[in-house]
Amino acid sequence: MTTEDRLSPQDRDFVAALASGLEVLQAFDQHHARMTLSEVAARTGMDRAKARRFLLTLHALGYLDKQQRHFALTPRVLQLGNAFLDANPHRMVIQHYLEEITREIGESTSLAVLDGDEVVYIARSAAEHRLMAIRLSVGTRLPAAYTSMGRVLLAQLPEEPLNHYLDTVQLRAHTAHSITDKLVLRLALEQVRRQGYAIVDQELDSGLRSLAVPAFDRQGRLLGAINISTNAARVDMDTLTGRFLPLLQEKARLIRDALAG
């Protein structure tokens, strides 16, 4: 279903209660692991009575734990994400090639898909050295504008969805290198589209340098983007483009040949 096919909240088939329940679940994150009713109501913009009904319903269904005044997610929430992963058999094939990359060059590599203004990690092979303050894993979400995988995926969008993204996205400086001008970002995405890969150099986190290419199946369907992420002080741009880029492109070809679609 494309963005244009999605129901609006005003549509008669749109189930507002379901949307609100999911909004409550999404209010919990690493910075808000345990919340009171008042905190959930504040984060979702709901009144207390409405938030209470959803919290108690999710608790009854086993998605939330309740300890006195505080609510927290339970492991049952993982079933929702695992259903997506289990329904994507190509992920295990890609995981194999990601692990090959890590063995060959000792760097972390990932597969991500685009979800709105963010990329979502759905496979990852982590090197021993840690690159970012946050720990990256399957399910991690990062702003698409400031990741190499995000720019590769944005560059694959048709013109109308890309224009909508550029019209609505909120750009902010994560580092001194971050692009904050939408015209500059558009030009960068046009370059990515022409050359078939993206390099993002310390725009999301100081010292983090990454390279990404798109991954397709044999039918030409976009599966996501695969990347290599490294430390800018350890790997220079010549190594990134001269050694890592051909390797990543080769693995993308092997993924395409392995997946008949």
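Select Tyr 121 to start: leaving out residues up to four places away in sequence, Tyr 121 touches Ser 110, Leu 111, Ala 112, Leu 136, Ser 137, Val 138, Gly 139, Thr 140, Leu 142 and Met 149, where contact means heavy atoms within 4.5 Å. The model is predicted, so local features need pLDDT of at least 70 and side-chain atom pairs count only at pLDDT 80 or more, while totals for chains, interfaces and linings use all residues. Residues are numbered from 1 along each chain as its sequence is written, and side-chain values use heavy atoms, with hydrogens and water left out.

**Tyr 121 and its strand**

Tyr 121 lies in strand β5. Helices (H or I, at least four residues) and strands (E, at least two) are DSSP runs, numbered from the N terminus. With a relative accessible area of 5%, Tyr 121 is buried; buried means under 20% relative accessible area, exposed over 50%, and partly exposed in between (1.4 Å probe, protein chains only).

**The nonpolar cores**

Next select Val 119, Tyr 165 and Leu 185. In the largest nonpolar core, which has 27 residues, these three touch the most other members. A nonpolar core is a set of buried Ala, Val, Leu, Ile, Met, Phe, Trp, Tyr and Cys residues joined through side-chain atoms within 4.5 Å. Two or more residues of this core come from each of β5 (118–125), α6, α7 (159–168) and α8 (182–195). Which element gives the most to this core? Helix α6 does, with 5 residues.

Neighbours within four places in sequence aside, Val 119 is in contact with residues including Ala 112, Leu 114, Thr 140, Leu 142, Met 149 and Leu 153. For a second, separate core of 24 residues, select Leu 98, Ala 123, Ile 226 and Leu 247, which are among its members. In soluble globular proteins, nonpolar side chains tend to be buried together.

**Salt bridges**

Over the whole structure there are 12 salt bridges; the criterion is a side-chain nitrogen of Lys or Arg within 4 Å of a carboxyl oxygen of Asp or Glu. Three of them are visited here.

Select Lys 251 and Glu 100. Their closest N and O atoms are 2.7 Å apart, and the two form a salt bridge. Lys 251 is in helix α9 (residues 237–258) and Glu 100 in helix α5 (residues 90–105), so the pair ties together parts 151 residues apart in sequence. Are these two residues buried or exposed? Lys 251 is buried at 3% relative accessible area, and Glu 100 also counts as buried, at 18%.

Move to Arg 151 and Glu 203, a salt bridge whose closest N and O atoms are 2.6 Å apart. Arg 151 is in helix α6 (residues 148–155) and Glu 203 in the loop between β7 (198–201) and β8 (208–216), so this pair links distant parts of the chain, 52 residues apart. Arg 151 counts as buried at 3% relative accessibility, and Glu 203 is buried at 7%.

Then select Arg 43 and Asp 29, whose side chains meet in a salt bridge at 3.4 Å, N to O. Arg 43 lies in helix α2 (residues 37–44) and Asp 29 in the loop between α1 (16–26) and β1 (34–36), so the pair ties together parts that are 14 residues apart in sequence. Arg 43 is partly exposed, with a relative accessible area of 39%, and Asp 29 is partly exposed at 32%.

**Two serines**

Select Ser 210, which is in strand β8 and counts as buried at 8% relative accessibility. Its side chain makes a polar contact with the side chain of Ser 148 at 2.9 Å. A polar contact is a pair of N or O atoms within 3.5 Å; within protein, one must be able to donate a hydrogen and the other to accept it, and residues adjacent in sequence count only if both atoms are side-chain atoms.

Finish at Ser 20 in helix α1, buried at 8% relative accessibility. Beyond residues up to four places away in sequence, Ser 20 touches Met 46, Lys 50 and Phe 54. Ser 20 and Ala 51 are 8.7 Å apart, C-alpha to C-alpha, and 31 residues apart in sequence.
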